[in-house]
Structures are given as structure tokens and as C-alpha cells.
Amino acid sequence: MKNYHISVLLNEVLNFIPSEKEGYFIDGTLGGGGHTRAILEKFPQIKVLGIDCDKDALIENKNKFPENRFTFCEGNFKEMTSFALQHNAQPLLGILLDLGVSSFQIDNAERGFSFQKDAELDMRMDKNLTLSAKDIVNSYSREDLTKIFREFGEEKNAWKISGHIFQVRKEKLIETTSQLVEVISQVSGGRFLTKTLARIFQALRIEVNQELESLRIALGSAIGLLAKGGRIGVISYHSLEDRIVKEFFRHEKMDCVCPPKMPICTCDKVSTVNILTKKPIMPAQEEIDINSRARSAKLRIAEKI
Ligand SMILES: C[S@@+](CC[C@H](N)C(=O)[O-])C[C@H]1O[C@@H](n2cnc3c(N)ncnc32)[C@H](O)[C@@H]1O
């Protein structure tokens with residue numbers, strides 16, 4: 001993979017930040033710190049809270065940023081309200097969520113995110129989580145495995161694959177990425193194998209880290225935290241995440257959510273955002289050419305009103 005570490009849609013992220021105001025920005029997915037670094041450089045009047053649930057992000061970013069303008073917050077972005085309160089992050093001008101895993105997590109074989117590298121089946125971004133991919137593969141029922149492969153991996157052969165996992169693990173636990181690759185290739189070989197592996201590994205990663213649930217909770221708190229005119233941008237990498245963001249923004253924009261038959265509004269719902277991206281922003285071909293991870297990225301932006 002070429003230049004994997006480059007931050008995705010960097011210019012597009014910088015462009016959505018209100019440029020002249022003084023205040024705070026929450027980078028909810030600090031990762032390698034590329035977006036944060038660029039924000040700190042371009043906007044000298046902005047302070048950044050950088051959240052990451054992976055302690056290694058702290059090591060990655062150690063001494064990279066001016067201490068008086070950057071604070072590392074170890075934890076899940078679904079807890080952004082308490083980080084914002086704790087650090088009195090007001091006015092909050094912007095929030096960025098660049099979802100998924102970062103290059104240092106994928107490149108570190110030991111973390112078990114990649115089906116191309118042999119390692120223990122782990123996949124926890126936050127090492128404090130109790131359930132790893134190994135626990136899921138070896139303890140979930142066939143029905144539950146099928147459900148996550150289908151819902152989070154959109155895998156058509158989910159029932160067949162989970163059935164085979166179920167049989168194999170009766171004899172011997174499936175403990176490593178290579179063992180899981182071997183098991184899947186026994187039922188889903190041929191030219192579609194790589195895509196199947198990508199889907200199954202994605203599904204397990206989403207389940208281990210409860211990624212969609214965290215995203216829903218974070219979106220639910222984000223708008224309330226933003227100052228008027230503050231903006232939130234979310235970069236997603238697969239349709240499940242993108243759908244959640246799109247529907248959330250749409251719902252926030254609506255002024256009334258009463259059923260159409262109601263003669264008068266009783267819901268009291270008011271619009272809280274303007275959607276700045278009718279269609280998601282996607283990377284230009286030049287960006288995809290130098291950073292293949294960018295190819296599936298979609299950025300949606302909304303502004304608090
Ligand atoms: C795609 S990377 C971010 C890359 C970063 N924008 C950059 O420019 O280097 C995603 C990061 O978010 C973290 N992450 C993912 N989900 C998270 C969550 N729910 N809470 C906190 N951090 C999360 C991951 O550990 C990973 O380091």
C-alpha cells in the first residue's frame with residue numbers, strides 16, 4: 001500500500017473549519033495526528049483536543065504538538081461531551097471523525113487487524129476492551145456470527161462461513177488471523193477470496209470495537225457541543241457508517257418529524273443543522289493514486305444553526 005499514512009481528504013477538512021475564529025476543535029480520531037497537525041499549523045488561534053481510544057496514538061504523537069494548544073484525551077469519542085467539559089472546550093468550532101483504523105494499527109501485525117499478516121486474532125483498538133476477535137470467533141453462536149458477517153460485512157455466504165467456523169472450532173480453537181484465513185478459504189476459495197476476507201475481517205472489527213454504536217452516540221452529542229456556526233465533518237469508509245451519518249444529518253435538519261397525517265405539529269422538533277454536503281465529498285483520483293486507503297472515503301459536513 002502506497003503512502004498509507006497520508007491523512008485522507010486533508011484539504012477538504014481544512015476548508016470546512018471557520019478560519020478566523022478563536023476556539024477549540026475536537027479531533028475525535030487522532031490516529032497518526034495528520035489532520036491535527038495541519039489544523040494546528042493553519043489555524044494558530046485554534047486549540048485541539050485529540051481523542052483516541054488507542055494508547056499507541058499517544059506514543060505516535062508524543063511531543064509533536066505545542067503543549068499549550070493540544071491536549072491528548074485517551075478514550076472513546078462517544079465520551080466527547082465529558083472531554084469537552086473537562087477541558088472547557090468553548091467555543092467549539094469544529095469536530096472531525098475520521099473513522100476506522102489508522103496506518104500504525106494496520107501496519108503493526110500484532111494487533112491482528114490485517115488478514116495479510118499472521119497474528120493473534122485481536123482487533124481491539126482500545127486494549128482495555130475485554131472481548132477480542134478471538135473470543136467472538138470461538139464463542140458466538142452460529143446465528144450470531146452469521147448476523148455480524150451479514151450486517152457488518154454484507155457477506156452473502158455468511159451462513160456457510162459461520163457454519164464452517166462452528167465445525168472447525170469444535171476440534172481446535174481458531175486463535176490467529178492465518179487460521180481464520182485458512183478456515184474461510186476452505187469454503188470461500190477462488191478469485192473472490194480476498195474480498196470475502198476483507199468483509200469478514202471488517203465485520204469482526206466492527207463488532208469487537210462496537211464501532212457503529214460509538215458513532216451513533218458521538219453524533220448524538222456532537223451537535224449540542226458545537227457553537228453556532230460550528231461544523232462537524234465525518235469521513236467514513238463503508239456504506240454502513242456513511243448511511244448512519246447521512247440519516248443523522250437529515251434528521252437533525254428536519255423541523256418537524258410528526259407523521260404526515262397529523263393536522264398540527266406536536267413533536268417540537270426544530271432544525272439544528274444545515275447540511276453543507278448534499279452529496280458526500282470524495283477524494284480526487286490524484287489522492288487515490290498516492291493513497292489507496294482514500295478510495296472509499298466519503299466526507300459529509302454539517303453546520304450548527
Ligand atoms: C483513520 S484513523 C485517524 C487518522 C487521523 N485522522 C490522521 O490524520 O492520522 C482512526 C483513529 O481513530 C481511532 N478510533 C476509532 N474509533 C474510535 C472511537 N470510537 N473512539 C476513539 N478513537 C477511535 C483509532 O484508534 C485510530 O487511531
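How many salt bridges does a search of the whole structure find? The search finds 12, a salt bridge being a side-chain nitrogen of Lys or Arg within 4 Å of a carboxyl oxygen of Asp or Glu.

1. Basis of the note. This is a predicted model, in which local features need pLDDT of at least 70 and side-chain atom pairs count only at pLDDT 80 or more, while totals for chains, interfaces and linings use all residues. Residues are numbered from 1 along each chain as its sequence is written, and side-chain values use heavy atoms, with hydrogens and water left out.

2. The salt-bridge network and aspartate 54. Side chains of opposite charge can pair when their charged atoms come close. Asp54, Asp56, Arg111 and Lys127 are joined in a network of such bridges. Aspartate 54 sits in the loop between strand 2 (46-52) and helix 3 (56-61), where helices (H or I, at least four residues) and strands (E, at least two) are DSSP runs, numbered from the N terminus. With a relative accessible area of 0%, aspartate 54 is buried; buried means under 20% relative accessible area, exposed over 50%, and partly exposed in between (1.4 Å probe, protein chains only). Not counting residues up to four places away in sequence, aspartate 54 touches Phe72, Phe104, Gln105, Arg111 and Met125, contact meaning heavy atoms within 4.5 Å.

3. Phenylalanine 104. This residue lies in helix 5, and phenylalanine 104 counts as buried because its relative accessible area is 12%. Once its neighbours within four places in sequence are left aside, phenylalanine 104 is in contact with Gly31, Gly32, Asp54, Asp56, Ala57 and Glu60. Phenylalanine 104 and glutamate 60 are 44 residues apart in sequence, yet their C-alpha atoms are 8.2 Å apart in space.

4. Other salt bridges. Lysine 134 pairs with glutamate 120, the closest N and O atoms being 3.1 Å apart. This pair links distant parts of the chain, with lysine 134 in helix 6 and glutamate 120 in the loop between helix 5 (103-107) and helix 6, 14 residues apart. Glutamate 120 is partly exposed, at 46% relative accessibility. The side chains of glutamate 211 and arginine 205 also meet in a salt bridge (2.9 Å, N to O), and both of these residues are buried. The bridge between glutamate 213 and arginine 216 (3.5 Å, N to O) falls within helix 11, where the two residues are three places apart, about one turn of the helix. Glutamate 213 is partly exposed at 41% relative accessibility, and arginine 216 is partly exposed at 44%.

5. The ligand. Of the 24 residues around the ligand, Ser7, His35, Asp52, Asp98 and Gln105 come nearest, a residue being counted as near if one of its heavy atoms lies within 4 Å. A backbone N or O atom of glycine 32 lies 3.1 Å from an oxygen atom of the ligand, and a backbone N or O atom of glycine 34 lies 3.2 Å from a ligand oxygen. For serine 102, a polar side-chain atom lies 3.5 Å from an oxygen atom of the ligand. Taken alone the ligand exposes 610 Å², of which the protein buries 95%; the areas come from the Shrake-Rupley method with a 1.4 Å probe.

6. Helix 7 (residues 142-153) has 12 residues and reaches 15 Å from its first C-alpha to its last, close to the 16 Å expected at 1.5 Å a residue, the expected span being 1.5 Å times one less than the number of residues. Its buried residues include Leu145, Ile148, Phe149 and Phe152. The cover over the buried residues of helix 7 includes helix 8 (158-171), helix 10 (193-209) and helix 12 (239-253). Helix 12 has 15 residues that should span 21 Å, and its end C-alpha atoms are 21 Å apart, which agrees.

7. Backbone points to check. Most residues other than glycine have a negative phi, and most peptide bonds are trans. The peptide bond from glutamine 90 to proline 91 is cis, with omega near -10°, and proline 91 is in the loop between helix 4 (80-86) and strand 4 (92-98). Glutamate 154, although not a glycine, has a positive phi of about 50°; glutamate 154 is partly exposed, with a relative accessible area of 42%. Aspartate 268 has a phi near 60° and is exposed, with a relative accessible area of 66%.

Notes:
Polar contact = N/O pair within 3.5 Å; in protein donor to acceptor, adjacent residues only side chain to side chain.
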